[in-house]
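Please read it with the structure open.

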Amino acid sequence: MSMITHKTGRPAVLLQGNEAIARGALEAGVAFCAGYPGNPSSEIIETLAHAARDLPVYVEWSTNEKVALEAATAASFAGCRAIACMKQNGVNVASDFLTNLTLSGTKGGLVLVTCDDPGGISSTNEEDARWFARMAEIPLLEPATPREALLMTRRAFELSEEIKNVVMVRSVSRLSHTRASTRTGDLPGFDAAPRFDPRVPFHTFPVVPKHRERRKKLDTAVALSESFSLNRYAGPDRPELLVISSGCAWNYAQEAVEILELEQRVGILKLGTTWPLPADLIERYLLSCDRVLFAEDVDAFVEDGVKALAADMGERIGLKRFYGKASGHLPFCGELSPAHLLEALARILDLPAPDDAYRKEISEKVADAVPQREFGFCPGCPHRGTYFAIKTALAWDGRDGFVSGDIGCYTMGIWPTGFNQVKSVHAMGSGLGLACGYGKLTKFGFDQPVVTVCGDSTFFHAALPALVNARFNSADILLLVLDNSATAMTGFQPHPGTGFTASGDKTAPVDIEGLCRSLGVPVTVADPYRMAETARTLYGLMQESGPRVLVLRRKCALVQGREGGFPFRMRVAEDRCLGEACGCGRYCTRIFRCPGLVWDEASGKARIDEVICVGCGICADICPQDAIVREETGAGGAGPGNAVPTGEKEK
Amino acid sequence: MNTGIGNSTDMAADPLNLIITGVGGQGNVLASQILGRAAVQRGFNVTIGETFGLSQRGGAVMSHVRLSTKKNYGPIIPPNRGHLVMGLEPLETLRILAEYGNPETVFVVNSRPIHPLNVISGDVAYPDVAWIRETLEGASRRLFWLDATPLAVELGGPIMLNMIMVGALCALPGFPLDSGDIRGALAEVFPESKLEQNYRALETGGSLVSHDEN
């Protein structure tokens, strides 16, 4: 299904924003691509990995974003074009290297793509990674459409070579996940010939002159941005209001002006180069208008930058009235939409309020009747078994224990689907770092058992240093590695434990147990489907001290579904289910909450939803009446030995 | 408001704003992609905005498909400017009504609910399906209420639903794409072995709408 490896450009290809970034990189003749999966950025590397089957391009999933940027940088130092792709949190991880790398400078074009996630649609935070461009003093390009994403990525490589430094391209979820008919250019001949010139070293010393050099590169970037063709103005010569917009928000501003028929009153300056800002260009447009509205996603980044410029230009341009996030005309938090721009324009220009009778009437009628869709683990998900075992063991222990959580599908342990067991979640690997701290509080009498969880991919990404720390400082930690053999949350990308790479090549898998044992940390392995057994194992481990690892191994249910399915057909024996009379309080549907188990209002009993149930069989172990029955189907590549729960029950 | 859609001018709107709404796993994104590819082949400027996030885990999924002969419009349809809504699930259709519907919107909706976890658990109630139907009917130009899930199961499984619904869209008078366009796009995406099944789903959807018209 690759839409991006065609040799000759086409007038219109339906490309996702992330695919357009990938195509732009290929049109620039990229040689080396690296990243770590994270929505909304994952499709860039996936697309490139797919393209690498046909083109002489190297593509890898690295163990984390810092390693990805470092690996890509090596290609740049050797004179090749390279790209590193990540989500906003990934830039945080890579930032230590980035802020040093930008002092040494680069050689082959090096592009860092950040895909920010306004609204935190698939993130633990809402963060504007553009500040890193400003902090590291590198140029920042912000496309507004898939077509621009392609063009700006391609341009970013040239710009990087012109100034000999990293160039950052910033997308947002709405652009990364938008598909649009997009014109493509031709692919070049790929002729990478990497060679590191030992006479030209790359380091940050002497620091101050290198810093001065970096500032000079930034000045060059300002000059180049003044004539950048994707900084565009549309509108009257002397508008009543100037909208300065960047990224996806430009679409909303443009459409709001169109809907309100303000083309003769409002001008829109679209900035593609948002750091460093093109000061002369901005001055020209500020001179044309006394009122300015800023439209951009997440922080007031351009807004603050232009205001600072306007202060410097004060004598020439006079006093301006600025609208945006600071003035309260647009929100500081959450993703922008056309509705926000319509409202802001109407408020600033004092337009009559739009007719919202329909919206009000319907809202009043339906608002209370529309329940939110609660997120939950898939049917058959091993994490449901894991959290059930944790909940059981912590209850047995009775000392108010809790789970220190991490990033992945299992983050959903903060919600009812994971029995609300997870009490803290922040960044990749932080669950274990926190556990190291709790594990030393014992010195002051802290006696609550803390279980920390992390997925297999997260384990390699950032948990390892914390595990070494636990060993080094003899912290009392109990780490559960939830090994489902996939980076499931972001779309099943391979990681060091899976035994294959981004391009599908075989590689020796890194053995998690072996790694832990080599650190002197004892490891136990258990099956999350065997909930009672796992709970007992966990309870036992909670009573011990020092660093301990329990690997809970079971394939992601979506992967298992594709690889032969599950061995059971489930049914509820109607004669055994006592319904409301049981006294269990609808335990199976109210607490266990697998979407494959439903409550039949008509019969007043539990029922299996056969469309949704996959047949993992673990729910049979939770019913006090043994009313949930496993029937072997003979299906399921996993085979009974790999999938049959013990059938034991907690008493 | 139920005026039928013969000679509808809305179908000729530029941009034509189509919303596809449903639950993760129903094939929403694939449906929008197939429609998008077919529209590109027909020479439209196409923009499809997708919201999925955590939706693979049972959350709501919504695609905004915008077709224009003039330019690429933005990825989010402005408030109350949906011309056409393809609802794969009743509650998810109701959810977007106030934000994107208007008295002229045409709805093509599959009648079978998918209960959210918090409904399964008994924490909240799923609204009465007949009431959802009435509400959509009263707030739109036309509602096509289709019992498409059983037909999808007959055709090979619940996942066939999306192409039945796409077939229904194509049968609406004035809709700018026909099932031939969709067949072309399907052939680009699916292996030969899957095509016949999907073609039959398109036909099934088409006949649901024609039948409804009579």
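1. Domain bounds here come from an automatic or database domain assignment. The model is predicted. On that assignment, chain A is divided into domain 1 (13-226), domain 2 (232-357), domain 3 (382-562) and domain 4 (568-642). The centres of domain 1 and domain 2 of chain A, taken over C-alpha atoms, are separated by 28 Å.

2. Look next at how these two domains touch. In chain A, 25 residues of domain 1 are in contact with 22 residues of domain 2. On the domain 1 side, the elements that give two or more residues are α5 (130-136), β6 (140-141), α6 (146-163), β7 (167-172), α7 (173-176) and α8 (207-226) of chain A. The largest share comes from α8(A), with 5 residues. By class, this side of domain 1 of chain A has 13 nonpolar, 2 polar and 10 charged residues.

3. Helix α6(A) also packs against helix α1 (residues 17-27) of chain A, at an angle of about 30° and with the axes 7 Å apart. Angles under 35 degrees count as roughly parallel, and α1(A) and α6(A) are therefore roughly parallel to each other. Their crossing is right-handed. From α1(A) come A:Gly17, A:Ala20, A:Ile21, A:Arg23, A:Gly24, A:Ala25 and A:Glu27; they meet A:Pro146, A:Arg147, A:Ala149, A:Leu150, A:Leu151, A:Thr153 and A:Arg154 in α6(A). The contact of α1(A) with α6(A) has 7 nonpolar, 3 polar and 4 charged residues.

4. The crossing of α3(A) past α4(A) is right-handed. On α3(A), the contact uses A:Glu65, A:Lys66, A:Leu69, A:Glu70 and A:Thr73; on α4(A), it uses A:Gly90, A:Val93, A:Ala94, A:Asp96, A:Phe97, A:Leu98 and A:Leu101. These residues divide into 6 nonpolar, 2 polar and 4 charged.

5. Now the sheet. In chain A, 6 strands form an open sheet, ordered β16-β15-β17-β18-β20-β19, with parallel pairing. β16 (422-424) and β19 (523-526) of chain A are the edge strands, each pairing on one side only. From one strand to the next, the twist averages 35°. Strand β15 (residues 402-404) of chain A pairs with β16(A) in the parallel sense over 2 bridges. There, A:Ser404 stands opposite A:Ser424 in β16(A). Helix α16 (residues 430-441) of chain A packs on the sheet and touches β15, β16, β17 (450-455) and β18 (478-483) of chain A. The direction of α16 makes about 160° with that of β17(A).

6. Which element gives the most to the side of chain B that touches chain A? The contact takes 48 residues from chain B and 46 residues from chain A. On the chain B side, α1 (28-41), β2 (45-51), α2 (90-100) and α3 (117-120) are the elements that give two or more residues. β2(B) gives the most, with 7 residues. This side of chain B divides into 25 nonpolar, 19 polar and 4 charged residues.

7. Strand pairing also links the two chains. Strand β8 (residues 178-182) of chain A pairs with β2(B) in the antiparallel sense, over 3 bridges. A:Arg179 stands opposite B:Ile48 in β2(B).

Note on methods. Residues are numbered from 1 along each chain as its sequence is written. Chains are lettered from A and ligands numbered from 1 in the order in which they are written. This is a predicted model: local features need pLDDT of at least 70, side-chain atom pairs count only at pLDDT 80 or more; totals for chains, interfaces and linings use all residues. A crossing is left-handed if the near helix is turned anticlockwise from the far one by less than a right angle, and right-handed if clockwise. Helices (H or I, at least four residues) and strands (E, at least two) are DSSP runs, numbered from the N terminus. Two residues are in contact if their C-beta atoms, placed from the backbone, lie within 7 Å. Ala, Val, Leu, Ile, Met, Phe, Trp, Tyr, Cys and Pro count as nonpolar, Asp, Glu, Lys and Arg as charged, and the others, Gly among them, as polar. Two strands pair if DSSP finds at least two bridges between them. Axes are lines fitted to C-alpha atoms, for helices over the stretch in contact, and angles run from 0 to 180 degrees between N-to-C directions. Angles under 35 degrees count as roughly parallel, over 145 as roughly antiparallel, 65 to 115 as roughly perpendicular and the rest as oblique.
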